[in-house]
Amino acid sequence: MKIIVLGGDGFCGWPTALHLSRSGHDITIVDNFSHRQIDILLELSSLTPIQPLSTRIKVWEQLTGNKIGFSFLDLANDYDKLVQLLVEQKPDAIVHFAEQRSAPYSMKTPSTKRYTVNNNVNATHNLLCALVEADIDAHVVHLGTMGVYGYGWLGNAPIPEGYIKVKVETPEGEIDREILHPANPGSIYHMSKTIDQLIFAFYAKNDQIRVTDLHQGIVWGTQTPETELDERLINRFDYDGDYGTVLNRFLMQAAMSHPLTVHGSGGQTRAFIHIRDTVRCIELALLNPPQKGEKPTIFNQVTEVYKVIDLATLIAKKTGAEIMHYPNPRLEADANDLKVKNDQFKALGLKPTTLSQGLLSEVEEIARKYVDRVDKSKIPARSLWRSLRTNQGSGMPAVGRRKNAAGVKRVKHNNRKIMLKGKP
Ligand code: USQ
């Protein structure tokens, strides 16, 4: 297949581009290096020494003989260039990762909120509008998020894959319908992905665009068989308070004997997937497109569900790391249950990488190896969902309001001694 990977320089995009290239597909990466630019602005860098994209592509060709094309393009703004690219390339499929993907970054300032909405919503809409204008029948595979469902609305009932069956009262009696699962985003970033869903539904109905939307959980891990081939192909590993996701942050923190930064009680339950499974799922989705005129296919791209505190405890047991509970900078339930259906990928043959299989090697091979590159000042999560003033009595976890004069206190949690620190 001829495939364009939008956002192909990123954490999920780069390993996906390599995996698809190795499988024999003809790959062109489109990227505007927005994450590398945000890194510069926030004075961050990946824990792993990622190479410039031109080096990555050159090394890949030297090692495998496979060429990967590249087009520098800002999907949200360079609409005409995008149409031209589609006309020239005539792709069979497009994988769309080209969105600002951090929830904390999206909540940081009015400017980052507006950037996230402008960038993500325009990128998605431009893509679909351009496919119609260029008259290209390419299957769009989009990286969405589990966060579109929100956490807790269905209690302990499993979250279905995108659509939910409802009964509607009408004057003629009850009728059955299947609708998009109600959106309940927890951040501006997650909200932008809920808007994406409506854009996909409209273009699938109006223009018969074939769309698969992947509602992915939190990705952990760094390497795939392809990125492991040479250090110059290494994938990025974000550990900072904005872009680092929880499990990778804990792994890095354990490697450098930093206390594990649990927000609030750690009762938040989330869905997870290893990056190796992400790239396999993308390929499975590409090989199983919906028909023209069908509503978007939605897969839940997750393999395991954990509570944050259970992840911290698991890592603490394996590494001896200390667990510290911080006031939660986010506005989210202090604890929730979560069950998720992922039957479709299992039926297509996905064999999940579980935490127990991959955890220690990840600590050893990546976190410990590059620990000297960590800037400790970047570890705390500083983006607040609400200003400190409006947090009073807002339902933010009480731990944040129980600090002593020194700001640090030892309390008991589940019969274990833990540290409480005043500032996130
Ligand atoms: N958390 C901690 N300590 C930390 C970091 C996070 O306790 O040091 C907690 C958060 O408060 C939250 C949970 O861990 O309850 C998950 O946070 P996260 O930063 O790992 O994940 P999130 O912000 O939800 O976003 C990430 C990706 C996003 C993707 C999403 C999948 O950045 O692109 O869409 O995971 S999901 O969460 O399933 O929607």
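**Reading the ligand shell and the sheet**

A: In this predicted model, the residues of the shell around the ligand divide into 8 nonpolar, 11 polar and 5 charged.

Q: Which residues of the shell come nearest to the ligand?
A: There are 24 residues around the ligand, and those that come nearest are Thr 145, Tyr 189, Val 246, Thr 261 and Glu 332.

Q: Which element gives the most residues to the shell?
A: Strand S10 does, with 3 residues, while helix H7 (188-207) and helix H8 (246-255) are also among the elements that give two or more.

Q: How do I read the sheet, and why is one side of S9 and of S13 left without a neighbour?
A: Strands of a sheet pair through backbone hydrogen bonds, either parallel or antiparallel. Here 3 strands form an open sheet of mixed pairing in the order S9-S11-S13; because S9 (218-220) and S13 (304-307) stand at the edges with a single partner strand each, one side of each lacks a neighbour in the sheet. The twist from one strand to the next averages 45°. S9 pairs with S11 (residues 269-274) in the parallel sense over 3 bridges, and Trp 220 has His 274 in S11 as its bridge partner.

Q: Which helix lies across S9, S11 and S13?
A: Helix H12 (residues 355-368) does, running at about 55° to S9.

Terms used. Residues are numbered from 1 along each chain as its sequence is written. This is a predicted model: local features need pLDDT of at least 70, side-chain atom pairs count only at pLDDT 80 or more; totals for chains, interfaces and linings use all residues. Side-chain values use heavy atoms; hydrogens and water are left out. Two strands pair if DSSP finds at least two bridges between them. Helices (H or I, at least four residues) and strands (E, at least two) are DSSP runs, numbered from the N terminus. Axes are lines fitted to C-alpha atoms, for helices over the stretch in contact, and angles run from 0 to 180 degrees between N-to-C directions. Contact means heavy atoms within 4.5 Å. A residue is near a molecule or strand if one of its heavy atoms lies within 4 Å of it. Ala, Val, Leu, Ile, Met, Phe, Trp, Tyr, Cys and Pro count as nonpolar, Asp, Glu, Lys and Arg as charged, and the others, Gly among them, as polar.
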